[in-house]
Amino acid sequence: MTTDTAAYWEPLWAEGRRYRQLNDAETQLLDEHLGPGCARPALDIGCGDGALARHLHRELGYRTTGVDCSPSAIALAASQDTGPGLGPVWKCLDITADDLSALPDPAYAAITCRLVYRWMDDKPAFVDRIHRLLAPGGTFWVVTEVAGRRAATHPLQDLGITPEESEVLTAGWSVVRTADLDVLRCYALRP
Ligand SMILES: C[S@@+](CC[C@H](N)C(=O)[O-])C[C@H]1O[C@@H](n2cnc3c(N)ncnc32)[C@H](O)[C@@H]1O
């Protein structure tokens, strides 16, 4: 089954499905690895309800765009902005298929991707697109569950990426840093 399309995600968001929320430990790691935005552009891919994009925009000071292929997710994210001009730009876009020139900026100082990489059907092509979008000296921040952290019988144990999928993600960067948080691994990747 294809899992990186609106056909897969839109019904889930529309029926009220929600995903693991950001917590302080994860946010602290993100802040340490990305640093202050100073109004540089950031892109959150698969932004869902927009919590991470809002953190980048409001707390770290990045000029942030959140994209998701699900119209319901984008509507939910936008509905949580309070006050005119205060929130990120929200855009309904399929990062695997749509023309990247539809994005507001040609390159981003920070690209984030939380609980999304596992669902990309063609992972090498996805990582290739990120390389094209990341500015020199930028950081690609990925948060994903890794295989083997849950009991083999756990109903969610297939949420983790395999060592081979981790290799696809991390090959081709000059700097690779990781930090573990229970079942999750955070990657900070630099060209
Ligand atoms: C598990 S949810 C995570 C949402 C959010 N990042 C979070 O941490 O709560 C995966 C998200 O990726 C989005 N997504 C999946 N494939 C996508 C694609 N090809 N382009 C853009 N977004 C995509 C889904 O719509 C969904 O919102």
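How many of the 7 residues of strand S7 (residues 184-190) are buried? In this predicted model, 5 of the 7 residues of S7 are buried, and the strand is therefore described as mostly covered.

**Strand pairs**

| Strand pair | Direction | Bridges |
|---|---|---|
| S1 and S2 | parallel | 5 bridges |
| S1 and S4 | parallel | 3 bridges |
| S4 and S5 | parallel | 6 bridges |
| S5 and S7 | antiparallel | 6 bridges |
| S6 and S7 | antiparallel | 7 bridges |

Strand S1 covers residues 41-45, and its residue Ala42 stands opposite Thr64 in S2. Strand S2 (residues 63-68) is mostly covered, with 5 of its 6 residues buried. Toward strand S4 (residues 108-114), the bridge partner of Asp44 is Thr112. Cys113 in turn has Val142 in S5 as its bridge partner.

Strand S5 extends over residues 134-145. This strand is mostly covered, since 9 of its 12 residues are buried. S5 is paired with S4 in the parallel sense and with S7 in the antiparallel sense. On the S7 side, Val143 has Cys186 as its bridge partner.

Strand S6 comprises residues 175-181. Asp180 stands opposite Arg185 in S7. S6 and S7 form a hairpin with 2 residues between them, and Asp182 in the turn has a positive phi of about 35°.

**Helices**

Helix H5 (residues 123-133) and helix H6 (residues 163-170) have axes that come within 9 Å of each other and cross at roughly 25°. H5 is therefore roughly parallel to H6. The crossing of H5 past H6 is right-handed.

Tyr8 belongs to helix H1 (residues 6-14). This residue counts as partly exposed because it has 15 C-beta neighbours inside 10 Å.

**Loop residues and backbone angles**

Most residues other than glycine have a negative phi. How many C-beta neighbours does Cys38 have inside 10 Å? Cys38 has 10 and therefore counts as exposed. Ala39 has 9 C-beta neighbours inside 10 Å and for that reason also counts as exposed.

Ala107 is found in the loop between S3 and S4. With 14 other C-beta atoms within 10 Å, Ala107 is partly exposed. The C-alpha atoms of Ala107 and His131 are separated by 9.7 Å, with the two residues 24 apart along the chain. Between Ala107 and Tyr8, 99 residues apart along the chain, the C-alpha separation is 28 Å.

**The ligand shell**

Which residues come nearest to the ligand? Of the 19 residues around the ligand, these are Trp9, Gly46, Gly48, Cys69 and Arg114. Divided by class, the shell contains 11 nonpolar, 4 polar and 4 charged residues.

Conventions. Residues numbered from 1 in each chain as written. Predicted model: local features only at pLDDT ≥ 70, side-chain atom pairs only at ≥ 80, totals over all residues. Buried ≥ 20, exposed ≤ 12 C-beta atoms within 10 Å, placed from the backbone. Helix = DSSP H or I, 4+ residues; strand = E, 2+ residues; numbered from the N terminus. Pairing = 2+ DSSP bridges. Near = placed C-beta within 6 Å. Nonpolar A, V, L, I, M, F, W, Y, C, P; charged D, E, K, R; others polar. Axes fitted to C-alpha atoms, helices over the stretch in contact; angles between N-to-C directions. Parallel < 35°, antiparallel > 145°, perpendicular 65-115°, else oblique. Left-handed = near helix turned anticlockwise from the far one by under 90°.
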